[in-house]
Amino acid sequence: MEISKEQLAKMAQAYKKAETQHVAQRAVTKNGILASAESVEVLESMSPKNFAFSIDVDDQAVANQKMSGRCWMFACLNVLRFHIEKELDLPRGTFELSQAYLAFFSKLERAAWFMEHAVATADKALDDREVDWLFSAPMADGGDWDMVCALVKKYGVMPHSAMSETHCTNDTAELNTVLSHLLRQDGLKLRTLAQEGKDTKAVQEEMLTEVYRILAVCFGEPPEKFDFTYNDAKGKYHADLGLTPLEFLKKYVPIDLDDYVGIINVPSEANPYGRLYAVQDSDQIPERRNLYLNVPMDELKGYVIESLKDGEPVWFGSDVLQHCDREAGVMDFNLFDLESLFGVKFTMDKAERFATHESLPTHAMTIAGVDIKDGKPTKWKIENSWGTENGGKKTGNNGYFVCSDEWFDNFVYEVAIRKDRLSPALQKALDSDPIIWPFWNTFNPVSA
């Protein structure tokens, strides 16, 4: 619609009568929107002095992904290290697995996936929606539960000391830019060869060798073998020499990631509960498909609480920055009173927010505890991977966050649960053919 002078005059007159917003204007122009709308009462109720949970399974030292999008990887490795510490009786918070090691192979696998898809879509025009999407971000950091499970099962794991972080693992922007440039260039060459009817396998191998070289320069080359030495909680020294990453996985990781599945909550009539879903063009690691079981939120939370009661932390994906104070480490649906600040109503529910890209799973963390009162969860303890400080200021409670149960309902989308916890109906659904979401669905981890 065209905005007329008369309409502008009416808008200005209406604002003159909105006296509450005149006070808000003074606050917002000086302090910004969120600082002006933040609830002191909510922060107080979630403050460190109230940081207690009836079920609390984990208090490891918090890791720090820094300027990288490897949260999905960090969260999984945090779950694995919990089980390793418990199995080996290690002092809590003294052990960490190498995120750089898995990141190396994640990027190599993504490059191979991109090349395969460049060839597979060579018969389509560059402005085709799928091809345009493919070339828009050939290299990024994002991933999901099944992807990190596939990496672990294929390449194994190793202690952080065997392959530590580098400048480029901590801050991936420059590397992603370089690799994206190279992959777009390679993608165009592969499209031409495929259009000419030529075999591209040998060329792809040469291209992947260049990607490997770049990764080795930036991350260091992954060691084939390493030594694992540690002192247990009783001070006893242990040494296991010359291990491969897969040997370490088999010997020291006491859980099997094949026993877990991604459970999601995406409420919508178009996405019925009790069904299995997959996303087109999302399987970066061909050995394991990204699969999701959609369930009602109460059922999802029931599986999480069962896991916590058994002493097991839970990997999960959420829209972390919605109604979140990063410094305080508080996530609460009522944290910011934007309706009173602006005199407007925000009425979309979770299904509407997801359908319109207002909210989507953006970050993976670990659920470390829950506070249950009168049989109902009231707040959840969250192990993040943003370290304990941000810009010289503390982050949460030593890096741990807390979210209200209402926040959990609205912004948690996925959890990883042991298959044997599922209802018989859901276990049966695991063997069904999945409903396929299109590649542009917001659950596609390749887009992240």
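1. D56 and K381 form a salt bridge whose closest N and O atoms are 2.8 Å apart; the term denotes a side-chain nitrogen of Lys or Arg within 4 Å of a carboxyl oxygen of Asp or Glu. Because D56 lies in strand β1 (residues 55–56) and K381 in strand β11 (residues 376–383), the pair ties together parts that are 325 residues apart in sequence. Strands (E, at least two residues) and helices (H or I, at least four) are DSSP runs, numbered from the N terminus. K381 is buried at 5% relative accessibility, whereas D56, at 41%, is partly exposed. Buried means under 20% relative accessible area, exposed over 50%, and partly exposed in between (1.4 Å probe, protein chains only).

2. The model is predicted: local features need pLDDT of at least 70 and side-chain atom pairs pLDDT 80 or more, while totals for chains, interfaces and linings use all residues. Residues are numbered from 1 along each chain as its sequence is written, and side-chain values use heavy atoms, without hydrogens and water.

3. In total, the structure holds 25 salt bridges. One of them joins K301 to D409, with 2.7 Å between the closest N and O atoms. K301 belongs to helix α13 (residues 297–309) and D409 to helix α16 (residues 405–411), so this pair ties together parts 108 residues apart in sequence. K301 is buried, at 5% relative accessibility; D409 is partly exposed, at 27%.

4. Salt bridges that share partners join D146, K153, D256, D258 and R288 into one network. Within the K153–D256 salt bridge, the closest N and O atoms are 3.0 Å apart.
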